[in-house]
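Have a look at the structure, then follow along.

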Amino acid sequence: MRSCHWPVGEMTQVQSSGKNASKRSLLVVHFWAPWAPQCAQMNSVMAELAKEHPQASFVKLEAEAVPEVSEKYEISSVPTFLFFKNSQKIDRLDGAHAPELTKKVQRHASSGSFSPSGREHPKEDLSLRLKKLTHAAPCMLFMKGTPQEPRCGFSKQMVEILNKHNIQFSSFDIFSDEEVRQGLKTYSNWPTYPQLYVSGELIGGLDIIKELEASKELDTICPKAPKLEERLKVLTNKASVMLFMKGNKQEAKCGFSRQILEILNSTGIEYETFDILEDEEVRQGLKAYSNWPTYPQLYVKGELVGGLDIVKELKENGELLPILKGEN
């Protein structure tokens, strides 16, 4: 993996240079800074990926040494990764997210190049995808980062306003998908982020939302979040057998949760799980709702069965399977 300081004109040269990569291969450019420890960590990840994907090219570019390039590609923080193929930028990743970087490299390194004759089809697919995304929830926020970790001041303010008004919304991190990030600007004819949609229709950015808040129209436009008790009732009834645990079916994140998964899996009964580590409101609220202070918690048809100890007892007594089937 090479470390380079390039003038702006050489960015295009690297994309198409036969010395660095064939035209069809993947090029990953890491915009980094020597003072940022997270960049050093990601350089190590890049080095490993370079070994795993010899057909791809990985290069480092010190962001502050080439301000023209950084400005051209909207590099506002480090580390940032740009992905190129066929001399075109195809994706972007902002931040030190090793699993996401690995996933993107694997996806792009294994995918073929678009043929010139097929270039119109991705545009049609993108328009359909954006329509689905904007309709993915009654209220959709396209932002930089997540509600838990906003990655720009405007997105942070937007989340604070929506939460203050108890508005129920889902979000999409535009940093996670460069195609969506650029495509939505054209789709909505709105050049900046964040963007708020209700029922698939663009409401606007932060300034519009502030105006709607000031005029008291915001509460009438956006759907309210259900009260916690109503939400917990819906969640506990989401499936006939519901397990509230630390982690999920694929990966338990505590020993008690792992043990109860093993017991449930041995019964052959279908069940759903909810990861309480992903939602602090549910984690704390369910304790009071069920009057049960610990996790995991097992529910059958919305009724609390108990935690690990009770489930163990029921299994030993031969009562667990009938309860899970709803016979008791």
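Q: How many aromatic pairs does the structure hold?
A: Rings of Phe, Tyr and Trp (its six-membered ring) pair if their centres lie within 6.5 Å; planes under 30 degrees apart count as stacked, over 60 as edge-to-face and the rest as tilted. This is a predicted model, where local features need pLDDT of at least 70 and side-chain atom pairs count only at pLDDT 80 or more, while totals for chains, interfaces and linings use all residues. Residues are numbered from 1 along each chain as its sequence is written, and side-chain values use heavy atoms, with hydrogens and water left out. The number of aromatic pairs is 5.

Q: What kind of pair do Phe142 and Phe172 make?
A: Their ring centres are 5.8 Å apart. The planes stand at 40 degrees, so the pair is tilted.

Q: How many residues apart in sequence are the parts that Phe142 and Phe172 tie together?
A: Helices (H or I, at least four residues) and strands (E, at least two) are DSSP runs, numbered from the N terminus. Phe142 lies in strand 6 (residues 139-143) and Phe172 in strand 7 (residues 170-173). The pair therefore ties together parts whose separation in residues is 30.

Q: Is Phe142 buried or exposed?
A: Buried means under 20% relative accessible area, exposed over 50%, partly exposed in between (1.4 Å probe, protein chains only). Phe142 has 0% relative accessibility, so Phe142 counts as buried.

Q: What kind of pair do Phe142 and Tyr197 make?
A: The ring centres of Phe142 and Tyr197 are 5.4 Å apart. Their planes are at 75 degrees, so the pair is edge-to-face.

Q: Which strand holds Tyr197, the partner of Phe142?
A: This pair links distant parts of the chain, 55 residues apart. Phe142 is in strand 6, and Tyr197 is in strand 8 (residues 195-198).

Q: Which residues does Met158 contact, leaving aside its neighbours within four places in sequence?
A: Met158 lies in helix 6 (residues 153-164) and is buried, with a relative accessible area of 0%. Contact means heavy atoms within 4.5 Å. The residues in contact with Met158 are Leu141, Pro194, Leu196, Gly204, Gly205, Leu206 and Ile209.
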